[in-house]
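Here are my notes on this one, as numbered points. Have the coordinates open while you read.

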Amino acid sequence: MKSLIGSLSGLMLSVCVCTASEELEAAKAKLREHNRLWTFEAGAVLGREWLDRVPEDAELRALYARQLHGQLYGQREIREQADAILEREPDNPWGLYAQALAFLTTDWRYSGEAVESSLRAWTLLPQPEFAAAHLQTLRSRNPEAGLAFLDSLDAATLQHPEVLHARAEFEYWIQYPLEDPAYADTSLATLATLRARWPDHVSGYLSAAQQLYRSNEPQEALPLVEEALRLSPSSAHVRYLHWQILDETDLLPAAERRTAIEASIAAYRQAVPETVRGLALLTTAYRNVLADEEQAAAFEAKLLAQAPASLHASRIHQEKFQREYQRLQAEVDGIGRTTPEYQHQLRLICDAVYQFLEKPLYDDSFREWPYRALFRALSAMHPVPTAELAEAVRGLVQYGQLINPRLTYSALILLADRTPYAAEATELARGVVDKAAAEAREGGPPNYYLGFFRDALGWALYKAGHIEEGRNELEQALELSPRNTRAYYHLGQVFEQMATAAEARDAAEEAGPWLDKAADTYIAGLEIRSWGPNPCQAALAALYERRHGSREGFDEYLATFRGEPIRLTPKIDLHLEPTPVEGLPGRTLNLPPGFKVKLFSDQVDKARFMAWDDRGVLHVTNMKPQNTWSPVPGRQSTVLALPDKDGDGRADTVYKAVDDLNWPHGIAFYQGALFVADDDAIYRLADQDADGFYEERTVFAEVPGFMGRPVEHVTHTLVLDEANDKLYFHIGSGCDICREDDPERSTVMQINTDGTGRRIYAAGLRNAIGLALHPETGELWAANTGHDREGQDRPPEWITPLRDGGFYGWPFAYGDKVWTDFSFYGRSVFPLTAADSLLVANMESPAILIPAHLAPMALHFYTHDQFPPQYKHAAFVACRAGALGNDPGYKVMALFAEPDGSNARVADFLTGFRLDSAEDSAWDMFSGFFSFNSGNMWGKPVGLTTDEAGHLYLTSDEITQAIFRIEASPRQGTP
């Protein structure tokens, strides 16, 4: 009997174990099912339930981590699953897979770790999920390695649905680093294979729809999304894309659009239990899709109450802070720096930062940007609140020292310079130096900023009284970063201090050599073309005065070792005076006497260039605000028409004349047709029913479009030569300095108005945005923007008549055949050839040189009589920048010259968009090229045109998004 009972007990135990094992395998299969359907929210709930029952199962944990990754959760939760596996078994492939997912959830800095973890997992256990993860890690890190990895996979793995999906995503994204747009088509073909072989997998439909939507093909994307919805009505990813497509396209009539989106939202809420991720999605949908702030706020409040320290809650806090910061910063930009209101606004920014930092934030990654904003505000205050500034620097170093290393360097210098915390600055700088050096020792690339960090350490040591130690660090800093002008200044100051110490000991014979060393160091710093004010010149002038008793003769002394200065076109003074902007209270611009300015319209998003139709209606290309080097989804940019029927100098209304554009810039009317230059095509449009909307569109000419490079020019300017039936358009370079693969880049092109005869008219033009025909000669003139990295004064921007077949220097030379300093650009142009030298020897020298980094935009010849006589046939040039150069910029210049460009003189005609430009805050001093800080400005001039009466119109495309009208009254004397 006992034997029988024991056998029965063993049988029951075996059945229970078998049943539990089967249930566990079924749960894993269900988790993979959630991957198939992109229902990661429900998958996470299921995974959490099973982990409570079987916490030691590595595969289960990894599949749960996959659900979290699909939900867009942060690294912490996913990393917890990886750690729980790897603590037991350091080489468990499921743990390595989860670790790779955790790294992939963060930013690009951790992509190397993701590559290593996923590859180790695949090597230990060739599981298709691991191959898919490894392919995902390589798409931005090493596309060539990804292609080789694909070639190494067997046929069965290549046909696995997750691998097919990862392959399609990989192919889509590598088109940018490999500069091969054909991979976009390859990706869609791979997704078609995925749909054919695995028709019940959502990935094949959803990813294809996403790509088509990004490519502005919503009509092709919508059926795919609808099929994905049929397969998975509870997928957050599918639902949100569905809402976006319905909202941002004209696939449904406007009256039906909102109803359809709300019905889809209701279906989603019914299909999915309420989760933090779901609440975040609904908040975003009501705020960004339906513009229903009340509903959005209700879901947001529920999310914050349910999970106040979650990743989603922290993102909500961050978005609110950023909106408040942008609002406050916009107000700061419009106030003079010397006013009490300016200081008050800076304090409000600080308060907003402190309030944000008190929130229960998900992790420390949310703290870096607020500390940056805090540092910027505090460093601009007068006087600087030293204790608060020190706390801001501590935060920057702790939370973002190598995320924004240039700013960390600036902050450490400022802490040593402006506060009594030089000793603490020393310790902070030492920690940053040690970390940067350790990363290099561990096999990473040499840290470019290590020399800057050693400069900060040396300066802090000097300010803390450790003179000799500071000198040693500064000398090491210059060995590592020989182009850091501030390090030369710091070392020169140390040498001067040593001279002072010698004089205090009555050792005058020792002081002289130290002062010589200081002078030599300052001079060496002056030879470096720097960003921001070069402190070496002021220091050298003070040293000259110290040794000679005055600064008399300093200019001659400076000229003995300084290179030949760039000879800019002579500048004359038009005696500008402050002029209130009518229609824009509190704003003032500076104009010559007798001129006034008014707001013509502020109903634009990003106004670029303008043109008049044959009825006298102003049209403007309206480029929707864009924050990254890519068009906004859904081709949202337009051409707007702004009639002024009553002639009061204000647009009566604004209506859409053209829609469905990406980056519209150039615009022109010709024989009743409207030509618009978008990023990849010039369109010819017709308004057949004369209702003001140009419904008929053809591609007049394709142009080199967006290629996904970090620095690229994607706008095109149009000029019509009606007398000769020619159209000119510019194509900017695809980089700052490099050799172009496409011969049409960095050129001005000519084409007949019937579309034939396309050819390169002039070359060697980095970005000839300003184009105009001279009213007397009919010659084409251009205004060109120079490259970025040769310092504040080089290369000059230029304006000149273009010669047919002429070469104008880029990328080899500028100005009067001055060779580019290629040391700033690595080997992007090398090796130079004899053909390059011949091009430079025969290049055209520009007629007019203006200061560097002004970014000349529109070039417009004035042909009317409303302005004083001296302006007849003068040219106006809109300058959209100025932060990187010596000239304050953000202005309109007037150019007076003979028809061939000789006897040229330039003048500031309209200024005032940049306030208090002579003052540099600590932030400005250190920003330079790395931040493109634009100072205290409130508008960016872009487009110019005149109406039949001779009034001048000017667009500002950022900060203040508007069109201004400039009028003249009494005639003024000749300049």
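**Notes on the model**

Leaving aside neighbours within four places in sequence, Tyr97 is in contact with Ala62, Arg66, Ala121, Glu129, Phe130 and Ala133, where contact means heavy atoms within 4.5 Å.

1. Ground rules. This is a predicted model, so local features need pLDDT of at least 70 and side-chain atom pairs count only at pLDDT 80 or more, while totals for chains, interfaces and linings use all residues. Residues are numbered from 1 along each chain as its sequence is written, and side-chain values use heavy atoms, with hydrogens and water left out.

2. The largest core. Tyr97 is among the residues with the most contacts inside the largest nonpolar core, along with Leu153, Val202, Trp243 and Ile265; this core has 91 residues. Its largest share, 8 residues, comes from helix α16 (residues 276-289). A nonpolar core here is a set of buried Ala, Val, Leu, Ile, Met, Phe, Trp, Tyr and Cys residues joined through side-chain atoms within 4.5 Å. Buried means under 20% relative accessible area, exposed over 50%, and partly exposed in between (1.4 Å probe, protein chains only). Helices (H or I, at least four residues) and strands (E, at least two) are DSSP runs, numbered from the N terminus.

3. Another core. Apart from that one lies a core of 86 residues, including Phe366, Leu414, Ala507 and Ile528.

4. Overall dimensions. How many helices and strands does the protein have? There are 31 helices and 29 strands. With 975 residues, a compact globule would have a radius of gyration near 30 Å, and the 32 Å of this protein agrees. That radius is taken over C-alpha atoms, and the globule rule is 2.2 Å times the number of residues to the power 0.38. Along the principal axes, the C-alpha atoms fill a box of roughly 125 × 90 × 60 Å. Of the 975 residues, 56% count as buried. Looking at contacts with a separation of 6 or more, residues 24 or more positions apart account for 59% of them.

5. Leu246. This residue lies in helix α14 (residues 236-248). Leu246 counts as buried because its relative accessibility is 5%. Beyond four places in sequence, Leu246 is in contact with Leu222, Leu252, Arg257, Ala260 and Ile261. Pro218 is 28 residues from Leu246 along the chain, and their C-alpha atoms are separated by 8.8 Å.

6. Ala641. Now for a strand: Ala641 is found in β7 (residues 637-642). Is Ala641 buried or exposed? Ala641 counts as buried, since its relative accessibility is 0%. Not counting residues up to four places away in sequence, Ala641 touches Val617, Leu618, His619, Thr653, Val654, Tyr655 and Ala657. Of these contacts, Leu618 is 23 residues from Ala641 in sequence and 5.8 Å away in space, C-alpha to C-alpha.

7. Aromatic pairs. Rings of Phe, Tyr and Trp (its six-membered ring) pair if their centres lie within 6.5 Å; planes under 30 degrees apart count as stacked, over 60 as edge-to-face and the rest as tilted. By this rule the count comes to 50 aromatic pairs. Tyr172 and Trp173 have ring centres 5.0 Å apart and planes at 90 degrees, so they are edge-to-face. Tyr172 counts as buried at 5% relative accessibility, whereas Trp173, at 29%, counts as partly exposed. Tyr409 and Phe452 are edge-to-face because their planes are at 80 degrees, with centres 5.2 Å apart. This pair links distant parts of the chain, 43 residues apart: Tyr409 is in helix α22 (residues 405-418) and Phe452 in helix α24 (residues 450-463). Tyr409 is buried at 1%, and Phe452 counts as buried at 5%. Also worth a look is one aromatic cluster, formed by Phe595, Tyr862, Phe867, Tyr871, Phe876, Phe896 and Phe909.

8. Charges over rings. The criterion is NZ of Lys or CZ of Arg within 6 Å of the ring centre and within 35 degrees of the ring normal. Arg53 lies over the face of Trp50, 3.8 Å from the ring centre. Arg697 lies over the face of Tyr683, at 5.0 Å.

9. Cysteines. A search of the whole structure finds 1 disulfide, defined as a pair of cysteine sulfur atoms within 2.5 Å. Cys735 and Cys738 form it, with sulfur atoms 1.9 Å apart. The link is left-handed, with -85 degrees about the S-S bond. Cys735 counts as buried at 10% relative accessibility, and Cys738 does at 14%.
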